[in-house]
Amino acid sequence: MSGPSDYKPSHPALQWFERRLPILSLVHSSFVAYPTPRNLNYWWTFGAILSVMLGIQILTGVVLAMHYTPNADLAFRSVELIVRDVNFGWLLRNMHAVGASMFFFAVYVHMFRGLYYGSYKEPREVLWILGVIIYLLMMATGFMGYVLPWGQMSFWGATVITNLFSAFPYVGDTIVTLLWGGYSVGNPTLNRFFSLHYLLPFLIAGVVVLHVWALHVAGQNNPDGIEVKTDKDTVPFTPHATIKDMFGVAVFLLLYAWFIFYMPNYLGDADNYIPANPAQTPAHIVPEWYYLPFYAMLRSIPNKLAGVLVMFSSILILVFLPWLDSAKTRSCKYRPLAKQFFWIFVVVCILLGYLGSQPPEGIYVIAGRILTACYFAYFLIVLPLLSVIERPRATPNSIADAVLAKTGSKSIPMVPTVIAIMIGGGLLIGSAQNARAEEDTPPAQKWSFSGPFGKYDRGALQRGLKIYKEVCSNCHSLNYIAFRNLADPGGPGYSEAQVAALASEYKIKDGPNDQGEMFERPGRPADYFPAPFANEQAARAANGGGLPPDLSLIAKARSYERGFPYFIFDFFTQFQEQGPNYVSAILQGFEDKPPAGVTIPDGSYYNKYFPGHAIKMPKPLSDGQVTFDDGSPATLAQYAHDVTTFLMWAAEPKMEARKQLGFQVFVILIIFVFLMYFTKKKVWADAH
Amino acid sequence: MTTATSDDHPTRRDFLFVATGAAATVGGLASLWPFVSQMNPDASTIAAGAPIEVDLSPIADGQDIKVFWRGKPIYIMHRTKKQVEEAQQVPLSDLKDPATDQSRVKEGHDQWLVVIGICTHLGCIPIAHEGNYDGFFCPCHGSQYDSSGRIRQGPAPLNLAVPPYAFLSDTKIQIG
Ligand code: FES
């Protein structure tokens, strides 16, 4: 801290104000004149990135709350309507949902950076603990936010996580009931989660203020972990740190935009596009990726209470870190042993995350236990022991010396890298074998809508609509599609008049009229496709007990495991077409005779690609069933392709707008990143 | 060394800063647009605001009905002969917001008054068939409208607005 600021505004009006509320000099001394160690590297920009992300999350969140309905019957639909109807609703929703992941990604980098450079050590203990509190608040906020769309994962995630508290003896059940506001997760739960999800980010913002305050009292740590001694060790915050931070933020925004515009569902779970159903749990309950390591620890302990306690203590242990590691040298740069163990710890956390996403069986359980032990050993054994036995290298006398000498070894540490490659290779081989065992994976198809410039094939959309109308709509609803959508840009491309004519072919129930009776009238463009059955019971009764799912979101609500390492390649290739591949495969996967050794119960049919192979739906499409006016072949393969394209559009009607805007944003962002880079170089030219 | 780099190319350095600042400003402002735009009515609201048809046959002489279009109450008043005559005979000089009765109804359908039932003062809903002018009376602050929906007395500045509508037949109108 530079002490009281000698900042004096030049304008008399500002001076008048300043004498009454010295906020300008506070800002000036904290964010302009504030001396920053001149050896900070880019890992330090994550503090600024996190502030930006918090701001974006609050802004988009407040806006989304203007359109969202926190009611168990309406929440799922209201989220879909945000995406489909609200101006830029798809963008705001993607920004918020992806933003949560980006926020966590940045906080993990920030935390590991603190761990590596010893930023938790004296005199920054309180600073670090405030950070842990922020992280806990973030976890609570993220969890409750994930519940709000009220899909299957929302509902069952809420059930599982709230049930954690039931592990506590005597008070557990009372706590859980208190959390739910009922006898199970339901509307009261959703309502209070919404309220708290809105509240907590402001608490986070409050603790962030304390965090920054504590930072400015203790001063920033730095890669060499030595205290600032003279003015030569520092540069003023503005412009040096500001510009560097802004450059970091701009680069980070590139990653963020990649997800928003091209991979919005990559980090989410397909099951969450299925509305919450209290009667059926999804096959794999998987939390969002940022909770996976803790989830893995929870599951690897065979005792309920012990598992919960282990999970909670894995986070709470961070509070005690400043006292567990009592080594005088802060930065791992000068701690050869601590550095290696740090990287091993990073690998342990990543592996735990991978395990958290896998089914808890066989080798995974054992690996989970070993890694859980490693996680705690790092804090409870390795760090305390190293504090005693490790002989750190000599630290430079001052930051200025460190900068001039450029002592920091830039080479990548050998041992951990080798370990990481070995483990990675093992996983790769292991899952390649997995993939071979699973030959029921839907074959990959070519889709016109894949990739960064993908567009829907208008002809296929129109043919697909015909198939839906003639075949699928006998059993399946299309609840989120209004007739007017058929004229929307990026859709099947019908004219308003064609849509009005099409709508008027339908009978829509309306009312009550002046006599209090319901009546039927011809459809209007604003009406939605009517459902074939009046309610779920009628649908089940007509379909041998099975419920034909609504098709509006089916192309996003179905998926299959891509497995390691494909899910990593998918990030770069923008592969998002599991859903369409699956839908198309199901339509073509029916076989009259199940293969030898497979028995199919009565009332079910064999389908090669359906999980478990016994599907309630009889083969819906066969060659020649639907005739097209445009001369396209009347084959099952063509039908499957067209109706799947149509359903993909139904699930993601704003895709073309999304990719188009994405391209523009990328062009601008890349230019901006270059400009920022050169600006940063200029500003720092006299500091290095 | 430091002064050499900065002084050699003062214009280049300035240009870079200006370009970066401009890019940041333009980008920042452009990204505000979605946050403003989302406040506008969404697609379903706009679609629900499509024109509506109203059957006039059940409305007897001297009666009125209220229908909703785009969330606004629309008064459809089947005026009596007396009301029509009163409305036509008022001299324009008596009116605060001068407009002939003919300009407020459709030709050949003098008996039908169709107005948006929102007081032009501050948005309350005036009550039909009340007040001193055989028209509407707003209970909020006492504005009075005549049988043509024109403001006659009270704080409201303007006549009740006439929504866009057309006669599809003698007994059917389309509003919007
Ligand atoms: S709102 Fe009608 S008189 Fe004020």
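Author: Happy to! Let us start at the meeting place itself. Here 23 residues of chain B are in contact with 25 residues of chain A, where contact means heavy atoms within 4.5 Å.

Before going on, a word on how to read this. The model is predicted, so local features need pLDDT of at least 70 and side-chain atom pairs count only at pLDDT 80 or more, while totals for chains, interfaces and linings use all residues. Residues are numbered from 1 along each chain as its sequence is written, chains are lettered from A and ligands numbered from 1 in the order in which they are written, and side-chain values use heavy atoms, with hydrogens and water left out.

The size of an interface is often given as the accessible area lost when the parts come together. Between chain B and chain A the buried area is about 2,000 Å², and carbon and sulfur atoms give 74% of it. Buried area here is the accessible area (1.4 Å probe) that two parts lose on being put together, summed over both. On the chain B side, Leu16(B), Phe35(B) and Gln38(B) lose the most area to chain A, together 28% of what that side buries.

Which elements of chain B give two or more residues to this side? They are α2 (10–37) and α3 (43–48) of chain B. The largest share, twelve residues, comes from α2(B). Helices (H or I, at least four residues) and strands (E, at least two) are DSSP runs, numbered from the N terminus. By class, the side of chain B that touches chain A has 14 nonpolar, six polar and three charged residues. In this scheme Ala, Val, Leu, Ile, Met, Phe, Trp, Tyr, Cys and Pro count as nonpolar, Asp, Glu, Lys and Arg as charged, and the others, Gly among them, as polar.

What about specific pairings across the chains? There are zero salt bridges between chain B and chain A; a salt bridge is a side-chain nitrogen of Lys or Arg within 4 Å of a carboxyl oxygen of Asp or Glu. Four residue pairs are in polar contact between chain B and chain A (both at pLDDT 80 or more). A polar contact is a pair of N or O atoms within 3.5 Å; within protein, one must be able to donate a hydrogen and the other to accept it, and residues adjacent in sequence count only if both atoms are side-chain atoms.

Now zoom in on Phe35(B), which is found in helix α2 of chain B. Is Phe35(B) buried or exposed? Phe35(B) counts as buried because its relative accessibility is 13%; buried means under 20% relative accessible area, exposed over 50%, and partly exposed in between (1.4 Å probe, protein chains only). Leaving aside neighbours within four places in sequence, Phe35(B) is in contact with Leu59(A), Thr60(A), Val63(A), Leu92(A) and Met95(A).

Let us step back to chain B as a whole. Chain B is divided into domain 1 (1–40) and domain 2 (46–175), with bounds that come from an automatic or database domain assignment. The C-alpha centres of these two domains of chain B lie 56 Å apart.

Chain B also has two backbone details to look for. Most residues other than glycine have a negative phi, and most peptide bonds are trans. Arg70(B), however, has a positive phi near 55°; Arg70(B) lies in the loop between β2 (64–69) and β3 (72–78) of chain B and counts as exposed, at 57% relative accessibility. His129(B) has a positive phi of about 60° although it is not a glycine. His129(B) sits in strand β5 (residues 127–130) of chain B and counts as partly exposed, at 35% relative accessibility.

Eight of the ten residues of α4(A) are buried, among them Phe76(A), Val79(A), Ile82(A) and Arg84(A). The buried residues of α4(A) pack against α3 (46–65), α5 (89–116), α9 (187–218) and α24 (636–651) of chain A.

To return to your question: the chain B side of the meeting place draws its largest share of residues from α2(B), the helix in which Phe35(B) is found.
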